[in-house]
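Me: I have a protein model to work through. Can we take it one question at a time?

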Amino acid sequence: MFHLGAGTVGGNWLGCLSGPFRRQADSYGARVEPIRWQRSKIPLPTFFKESTVVKSVLALVSLLALPVMAAEPTLYGRYEYIRLPEIGETLQAKMDTGALTASLSAKDIQTFTRDSEDWVRFRLATKDAGSKVYEHKVARISKIKSRSDEDDDREEPQAAKRPVVELEMCLGNVKRTVEVNLTDRSSFNYPLLIGAKALREFGAAVNPARRYTADKPDC
């Protein structure tokens, strides 16, 4: 950037004139001086001079680029009490990181159609279970492989397609909606199996050496 020098200020502004305008000015005896140009001394913005500011901006960008750290998981025991509000029952559950989905012990499982949607009706296959029939909308049908390594439990029936429903579960004071497949687990010690997907929903980690670390369900 440039600006006019001191010779163009006040009465000396006539130095800008040329040709007939300058001759006319001379006839009036005006003093004309040549224009003196000089480089502007306007300071650069502070932003470009202060390296500290630039470093701070780069540091902020670096922080925003870091991955978000996951919250610390809640530690539970291998076995916990879980309440099913829609069923109205509190059941002993096995927290199994080796299983993928949750599984609820049920019997007399029948799928049917209601308003062009898939539904399922069933009864609980648990100790002291009554004859109450439950009906629930089917989320999907899943094919579950059989497992025979649930500690001292007996072998589970062969692989089969199972209806999967979404049920509310209450673990301690935490409530989540979890996908649960329905199958007869009456030959197992625990009527409810909580798999890896459900554990992620609860933000849970499992300590196999502990049992019933959470308070009784209260949600």
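This is a predicted model: local features need pLDDT of at least 70, side-chain atom pairs count only at pLDDT 80 or more; totals for chains, interfaces and linings use all residues.

Me: Is Tyr 212 buried, partly exposed or exposed?
Reply: Buried means under 20% relative accessible area, and exposed means over 50%. Tyr 212 has a relative accessible area of 27%, so Tyr 212 is partly exposed.

Me: Which residues does Gln 92 touch, not counting residues up to four places away in sequence?
Reply: Gln 92 lies in strand E5. At 31% relative accessibility, Gln 92 is partly exposed. With the residues up to four places away set aside, Gln 92 touches Glu 80, Tyr 81, Tyr 190, Pro 191, Leu 192 and Tyr 212.

Me: How many helices and strands does the protein chain have?
Reply: Strand E5 covers residues 89–95. Strand E13 covers 204–207. For the protein chain, the count is four helices and 13 strands.

Me: What share of the contacts with a separation of 6 or more joins residues 24 or more positions apart?
Reply: The protein chain has 219 residues, and buried residues make up 33% of them. Among contacts with a separation of 6 or more, the share from residues 24 or more positions apart is 60%.

Me: Which residues touch the most other members of the largest nonpolar core?
Reply: In soluble globular proteins, nonpolar side chains tend to be buried together. Here the largest nonpolar core has 29 residues. Strands E4, E5, E6, E7, E10, E11 and E12 and helix H4 each supply at least two residues of this core. The members that touch the most others are Ile 82, Leu 84, Leu 104, Phe 122, Met 169, Leu 192 and Ile 194.

Me: What is Leu 84 in contact with, leaving aside its neighbours within four places in sequence?
Reply: Leu 84 is one of the core residues that touch the most other members. Beyond its neighbours within four places, the contacts of Leu 84 are Glu 89, Leu 91, Leu 104, Glu 168, Met 169 and Leu 192.

Me: What is the volume of the largest pocket, and which residues are closest to its centre?
Reply: The volume is about 350 Å³. The lining has 21 residues. Closest to the centre are Leu 91, Thr 126, Lys 127, Asp 128 and Pro 191.

Me: Which element gives the largest share of the lining of the largest pocket?
Reply: By class, this lining has nine nonpolar, seven polar and five charged residues. The largest share is four residues, and they come from strand E5.

Me: Is Thr 126 buried or exposed?
Reply: Thr 126 is found in the loop between E7 and E8. Not counting residues up to four places away, Thr 126 touches Leu 91, Ser 105 and Pro 191. The cut-off for buried is under 20%. At 19% relative accessibility, Thr 126 counts as buried.

Me: Is Asp 128 buried or exposed?
Reply: Asp 128 is found in the loop between E7 and strand E8. Its phi is positive, about 65°, although Asp 128 is not a glycine. With a relative accessible area of 73%, over the 50% cut-off, Asp 128 is exposed.

Me: Which residues form the disulfide?
Reply: A disulfide is a covalent bond between the sulfur atoms of two cysteines. The structure holds one disulfide. The sulfur atoms are 1.6 Å apart, and the pair is Cys 170 and Cys 219.

Me: How many residues apart in sequence are the parts tied together by Cys 170 and Cys 219?
Reply: Cys 170 is buried, with a relative accessible area of 0%. Cys 219 is partly exposed, at 34%. Cys 170 lies in strand E10 and Cys 219 in the segment after strand E13, so the pair ties together parts whose separation in sequence is 49 residues.

Me: What is the handedness of the disulfide of Cys 170 and Cys 219?
Reply: The torsion about the S-S bond gives the answer. That torsion is about 135°, so the disulfide is right-handed.

Definitions and conventions
Residues are numbered from 1 along each chain as its sequence is written. Side-chain values use heavy atoms; hydrogens and water are left out. On a 1 Å grid over the protein atoms alone, a cavity is a set of points where a 1.4 Å probe fits but cannot get out, and a pocket is an open set with protein on both sides within 12 Å along at least five of seven lines; lining residues have an atom within 4 Å of a point. Grid points are joined across faces, edges and corners, and a volume is the space filled by probe spheres set on the points. Ala, Val, Leu, Ile, Met, Phe, Trp, Tyr, Cys and Pro count as nonpolar, Asp, Glu, Lys and Arg as charged, and the others, Gly among them, as polar. A nonpolar core is a set of buried Ala, Val, Leu, Ile, Met, Phe, Trp, Tyr and Cys residues joined through side-chain atoms within 4.5 Å. Buried means under 20% relative accessible area, exposed over 50%, partly exposed in between (1.4 Å probe, protein chains only). Contact means heavy atoms within 4.5 Å. A disulfide is a pair of cysteine sulfur atoms within 2.5 Å.
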